[in-house]
Structure formats: C-alpha cells, structure tokens
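Keep the viewer open as you read.

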Amino acid sequence: MFIALDKLEHQGVKKVIVAVPEKSIGRSFGNTKLKPYGFFADWEVLETYNLCNVGGNESEKCKRFVQFIREAKTAKTLVCAHATLRNAMKELNDEELNDCLLAIDEFHHTSADADSGLGDIVRRVINNSTGHIVAMTGSYFRGDGVPVLRVEDEAKFYPVTYNYYQQLNGYKYLKNLVLGYHFYHGSYLEHLHEVLDTTKKTIIHIPSVNSRASTGQGKYNEVGDILSCIGEHVSKDANCIYTLKTPDGRLLRVADLVEDDPTERTKVQQYLQNMKHRDDVDIIIALGTAKEGFDWQWCEMCLTIGVRGSLTEVIQIIGRCTRDCEGKDTAKFINMIAMPDCDQAEVKVAVNDFLKAITASLLMEQVMAPSWRFKTAQEEKDEKDPLVNTIVVEGLKPLSTEKTKKIIQEQLDDLQAAVLQNDLVVRAISGTTTAENITQNLIPKVIMTRYPDLTPEEVEEVRQHFLLNTLVKGNNITNANGEPIDVSPGMIQPKEGDEQSSEGNRLIKIANKFINIDKLSINLVDTINPYQRAYEVISKHVDAETLKVIQDTIAEQKFDMTTEEAICLCKGPVKQWVVEHNGQIPQLNDPNLQVRELAQAYTIIKNLKIRKMMGLEYEGNN
C-alpha cells in the first residue's frame, strides 16, 4: 500500500492493480487508514473495483477490470484475483498498462514457462509497456521446478528480503512465537481437549481423509466432533457461523471452512473476508484452506493435526498466527502427531531438528526437511530394514506388487539414470529450489513418465525405495570439485564407481545451498509435558533476540573454522590484535583476509557464549 500510494503521488503511476491468488486474501488489501500513522495518504479501494468483494460471475468482474483501465477517470486502485487478471488481460492491449502498477501477491504462482498465463502477463508488462511491477512472495520457488522468472526478467527487479527476525523486532505487540509438538495415542479427537485453548483465537487444520491421522469417519463427522469438543450447539446464523456454548458458559463463534456446499462455503468466506472486529469469530476449522496468504490478524494459535509433508506448508500455516495485533504478545503453532514408538529422548532430538528447520526457514534460509521418519510400532515390527533415523508415523511403504519389486530389484540403475538426466531435475538443481521439491515432486514425475502403467500407490512405493537405495546410503562423498561434503538423507548420492557419479555430483552440489540442521548446534526445546496417554514437546519462546542468535549461528556455518580453532585464535592472535588496535574488534568485512579470519573466530566464541547464557546451546550428540 505504501509503495503503491508513493508511486501514484510521486512516480507518475496513474493506476494500481493488486492481484491475489484467491478472493479471501483480497481482505488484506481492503481500505486501510494510514494517515494516523504519519503517512501522507490512506489506502482506499472503491467497492466497485474491489473485485474480491463484489458479487457477480467472472465475466462481470472482467468487464469491471477493463472499465477500470479504459473508462474510470477518478478510480486509482483495483483489487482482484489472479484469474480475473488473466481473463481481463485477454481483452486489453499491452500499452493500456502504460504508467500502471501491477502488484502480484504470492508471485511464485507465476512461471517462466511459455504456457504460464500469469507469467505471460508479467512478460508483456515488462517488455511492451511502461508499467511497474511489484512481486510479493514468501517462497520464491515452484513445485514443478520451473523458474518463477526468466533470468533476463529477474535482473530487472530490485530484491528486498524481510525475515521473521526483522518482523518480530519491528512489531508493536507480538513478541514471541511458541512451537510445539503434541504426541497422542489413538484418535486425535480423544486428545484435542488437551491442546485446544478455547480462550485463544485459533485455526484448526484437520488432516486429509487420506492421511494416517484421519479417523476414517469422514471430514464432516470429524468437524462435528470438534464442534462438540468446543461446546454445546446454540445456533447457526445466516452467514453459516456456529454459536457454541463452552462448559464454562462462554459463547464462541466458529467458522467451518471444511463444508463443501457452495452456498454455505461462499457465505462463510464472505463473512470472514469482511470481518472488522476481534469478536466476529473465535475459531476457524479448515482443511486445505486458510493457509497461504489468509489474513486474520487476531489469530493467536494454529493447531495442525497430522504430519505435514512440506516444510513450506508448515511455514505458511505459522504465518497465519504471526500477524501483529493489539492484545497478542505470543503466537503459538501446535502440531498433533500420533505417538511414536520410541523413548522421549529420541523424540526430543527429532523435534529439536524440526524446530531448527522451522526457525531457519523463518529467517529465509534454504533448509532441507530433517531426516527423521515417523512410523508406528506395527510398521516397525513388519519392516525388516528400517531407516536409521526412524521415529515418527510415515514409514517406508512395502513393495506390494510384482511390478514395483521388479523395478527396485532389477531396474534401479536405469531409473537412477533417468532421474539424473531429467531436464526439470537438472534445472531445479541449478536454481534455488528445495530438496523436498526434487524428492516429492520431480522424482515421482520421472517415475510416472518411465512407468505409465503404475498406480499412484505404486509410484509412491517406488519413490520411497528409490530414495532409500540411491539417496540415503552413507555420507562419505565429494562435490563436483572433489571436496568432501556432508550429505543429509534427502540428497542424491551416486554409488561408488557408478557410471552416473559425475551426473550425480551435479545434484550433490545442491547441498551447498542448504543449512545443515545437524551442524546447527541450537537447543530450542523448553519443556516436555507428560500426559497419561500422550506428551508434548514445547519450544522456548522464539522472540527477536532468539532469532538473531539463530541467524548469527547459521552465519557461522559459512565459516571454514571449528570451535576449537576459534578458541585457539581468540586466546592469542585475536586478543593481541585488539590490544594493538586500541580495543577495536576485528570485523567480518575487513579487506584483510587474516583480519577476517580473526573476526570469524571472535564471532564464533561470542555467539557460543550468548547461546549458553540463553540456554540455547545444544548439549546432545547432533
């Protein structure tokens, strides 16, 4: 809003178009008072041109968009969905966006692919008009491995990165984030009351019907049981919002976004989009929605049930409760997971790995998901060759058919070659995509292309065994330069003497793009609370100070220096340098290489002391 208003007032821009991926996110760009905070203008969008709010079909919205560009003389701002932008641009010439600002939210929905409608619009504006573009996203990579922007187009943008340390440090009210894992036996519905605090504004994400965490009784029945857990049914109003009475007599308003009935769903979505007050809703129950970009600033807690396969999804969910809001000093994310078959010490290590991965991701660092696997006691009993770091409930699928057994037992080398030579995989590695994108999206596509007769279940079996056999064996390998590197289990590793080893090294180089969680010596676990049939692991408060320490610790990974070496340097050369330079501290940006080395040593020891003082130094074996 600030950028757009400044461009309208001072940079010659005549109109502003804000495009969001779905209507509910348009709420973030509704009328907002900015003058009371010292800005020169308020953000205002005429109701006619807030196309995320108005009724009517897509054709009518498209006509209003074209009208805004060609006829509206006084209207300056418009908000619409990506789909409306794509449809309207079919009716407009490129030069009609001259001196317009196009702001695209969740910009990773665009693509450098020639068939991308949104990407084509971006290229048209860049190359054929004098329009401006603001690209906004929290995750600058795509699941299909295709770049978001072409290299020559990306070079025309000025990048600005804003991480959670900067965010929390600049907030007025929200100061702490608490992350927790709650482990349970049986059905999650039996334990929901242990973690659901109905005094907090909460989004509950229930598991997919195909998830192991699902009760098997259907999503509507699960929602019904959750409503009963919250309180006694009182009423359901015209907006399809439930009023429930808690056991202690409070009345709560609950929105159900799991409902598929189009009439009810539309009413609930419109109500949530138009919320103005804290008490308009208390709890939202969702399945696949209310994640990316969903704006409910009063949300204090996200309760997510079941293991999430994507670290990006977890970060998106956490983002729902970390908006700054009066009266909210702490936000909480809790993940309910079926009880693992192991002792608490192992669980603590595994959860700490996840907490490190999450906090590093919040700092906009490239992180590979931790290597721990979750599975049940029965799966442990049935599995003859389990993974080393196996804890939770996502075990290796058995090879259930002769087709899958033959592929793994006889054709593994051919499949490996197909993966390593796939253009999408190679392009993904050369970009900044994540390892999970390669292992969870690109490799299955290669398998499906090579073996089109496999069912989705068989593809998943082959994928998991392929990863186990060709990606997870050993760590003693080198990169393309012959230098030894540590490779976590998600990395692709060629077998010794394999003809494809040089191809494999191209993939191994991706390790250099990621934070090594095992080397991040941070303890984020605060407490382990035992229950009769469950227990939970809760993080320390992740505040701005903690994030700064983690950020500095991550920076240490880029130093080629051990703690022992740093101690030796600090005891001698660093101390001597400080005396010789009248108490000054060596700086990391000093042009002298030797001084930079002293600065690295000083930084490592300083951060070590800070971590110990804050109780963040990890004393375990990882």
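In which helix does lysine 606 lie? The answer is helix H21, which covers residues 593-613. Please keep in mind that this is a predicted model, here and in everything that follows. Lysine 606 is partly exposed, with a relative accessible area of 35%.

Two packed helices are described by the angle between their axes and the distance between the axes. For helix H20 (residues 563-580) and H21, the axes come within 8 Å and cross at roughly 115 degrees. The crossing of these two helices is left-handed. On the H20 side, the contact is made by Thr563, Ala566, Ile567, Leu569, Cys570, Pro573, Val574 and Trp577. H21 answers with Val595, Glu597, Leu598, Ala601, Tyr602, Ile604, Ile605 and Leu608. Sorted by class, this contact of H20 with H21 holds 14 nonpolar residues, 1 polar and 1 charged.

How many degrees lie between helix H10 (residues 311-318) and helix H11 (residues 344-362) where they pack? The angle is about 70 degrees, and the axes are 10 Å apart. H10 is therefore roughly perpendicular to H11. As for handedness, H10 passes H11 in a right-handed crossing. The residues that meet here are Leu311, Val314, Ile315 and Ile318 from H10, together with Ala357, Ile358, Ser361 and Leu362 from H11. By class, the contact of H10 with H11 has 7 nonpolar residues, 1 polar residue and no charged ones.

Now move to helix H9 (residues 262-273), where you will find tyrosine 271. Is tyrosine 271 buried or exposed? With a relative accessible area of 15%, tyrosine 271 is buried, because the value is under 20%. Leaving aside residues up to four places away in sequence, tyrosine 271 touches Asn239, Ile241, Arg253 and Asp280. Serine 24 is 247 residues away from tyrosine 271 along the chain, with a C-alpha separation of 9.8 Å.

For a strand, turn to S7 (residues 232-236), the place of valine 234. Valine 234 is partly exposed, at a relative accessible area of 44%. Its C-alpha atom is 5.3 Å from that of leucine 244, a residue 10 positions away in sequence. Not counting residues up to four places away in sequence, valine 234 touches Thr243, Leu244, Lys245 and Leu251.

Finally, zoom out to the whole chain. The protein chain has 21 helices and 19 strands. Of its 622 residues, 50% count as buried. Among contacts with a separation of 6 or more, 70% join residues 24 or more positions apart. The protein chain exposes about 29800 Å², and carbon and sulfur atoms supply 48% of that area.

Technical notes:
Residues numbered from 1 in each chain as written. Predicted model: local features only at pLDDT ≥ 70, side-chain atom pairs only at ≥ 80, totals over all residues. Heavy atoms only, no water. Helix = DSSP H or I, 4+ residues; strand = E, 2+ residues; numbered from the N terminus. Buried < 20%, exposed > 50% of the residue type's maximum accessible area, 1.4 Å probe, protein only. Contact = heavy atoms within 4.5 Å. Areas by Shrake-Rupley, 256 points an atom, 1.4 Å probe, with all protein chains shown as cover. Axes fitted to C-alpha atoms, helices over the stretch in contact; angles between N-to-C directions. Parallel < 35°, antiparallel > 145°, perpendicular 65-115°, else oblique. Left-handed = near helix turned anticlockwise from the far one by under 90°. Nonpolar A, V, L, I, M, F, W, Y, C, P; charged D, E, K, R; others polar.
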